[in-house]
Amino acid sequence: YPLCALAVSDERPHYNCPVYKTTARHGMLSTTGHSTNFVMPIRVPSDRPQPHWIGRGVAMITQLDD
């Protein structure tokens, strides 16, 4: 089965970390309502609640700045 078709059935502590193409973290909104710079969320195991990471602006970036 493709990985995207598997449902996550457990609710272990995690952070849904956003992944962006660039450090700018913004872009034009597409017809889906997502930024064109947004790639996907990645589920990162964590013993801290989501607001801990959100308040610190934690995100992953797919490229280095020039």
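I started with Pro 51, which is exposed at 61% relative accessibility. My cut-offs: buried is under 20% relative accessible area, exposed is over 50%, and partly exposed lies in between, with a 1.4 Å probe and protein chains only as cover. This is a predicted model, where local features need pLDDT of at least 70 and side-chain atom pairs count only at pLDDT 80 or more, while totals for chains, interfaces and linings use all residues. I number residues from 1 along each chain as its sequence is written, and side-chain values use heavy atoms, with hydrogens and water left out.

Pro 51 sits in helix H1. I took helices (H or I, at least four residues) and strands (E, at least two) as DSSP runs, numbered from the N terminus. I then checked Pro 51 against Tyr 15. The two are 36 residues apart in sequence, and their C-alpha atoms are 8.9 Å apart.

Next I looked up Ser 46, in the loop between E2 and helix H1 (50-55). Is Ser 46 buried or exposed? It is buried, at 12% relative accessible area. I looked for what its side chain touches. It makes a polar contact of 2.8 Å with the side chain of Trp 53. (A polar contact is a pair of N or O atoms within 3.5 Å; within protein, one must be able to donate a hydrogen and the other to accept it, and residues adjacent in sequence count only if both atoms are side-chain atoms.)

I also listed the residues in contact with Ser 46, leaving aside neighbours within four places in sequence: Pro 13, His 14, Tyr 15 and Trp 53. Contact here means heavy atoms within 4.5 Å.

**The whole chain**

Of the 66 residues, 15% count as buried. I also checked the contacts between residues at least 6 apart in sequence; 60% of these join residues at least 24 apart. The chain exposes about 5,500 Å², and carbon and sulfur atoms supply 61% of that. Accessible areas come from the Shrake-Rupley method with a 1.4 Å probe; for residues, only the protein chains shown count as cover.

**The sheet**

I traced the strand order: E2-E1-E3, an open sheet of three strands with mixed pairing.

E1 and E2 pair antiparallel over seven bridges. E1 (residues 14-20) and E3 run parallel, joined by two bridges. In E3, Met 60 is the bridge partner of Val 19. I noted that six of the seven residues of E1 are buried, so the strand is largely enclosed by the rest of the structure.

**Cys 17**

I picked Cys 17 in strand E1. It is buried, at 2% relative accessible area. Its bridge partner in E2 is Ile 42. Beyond neighbours within four places in sequence, I found Cys 17 in contact with Met 40, Pro 41, Ile 42, Val 44, Val 58, Ala 59 and Met 60. I checked Ala 59 by distance too. It is 42 residues from Cys 17 along the chain, with 5.6 Å between C-alpha atoms.

**The nonpolar patch**

Which residues make the nonpolar surface patch? I found Val 39, Met 40, Ile 42 and Met 60, together about 300 Å². Patches are made of residues with over 30% relative accessible area and no salt bridge; like charges are joined within 9 Å, and nonpolar side chains (Val, Leu, Ile, Met, Phe, Trp, Tyr) within 5 Å. A salt bridge is a side-chain nitrogen of Lys or Arg within 4 Å of a carboxyl oxygen of Asp or Glu.

E2 gives the most to the patch, with three residues. Val 39 lies in E2 and is partly exposed at 39%. Leaving aside neighbours within four places in sequence, I found Val 39 in contact with Val 19, Tyr 20, Lys 21 and Thr 62. Its C-alpha is 9.2 Å from that of Ile 61, 22 residues away along the chain. I ended with Met 60, in strand E3. At 32% relative accessibility, Met 60 is partly exposed.

How values were computed: Two strands pair if DSSP finds at least two bridges between them.
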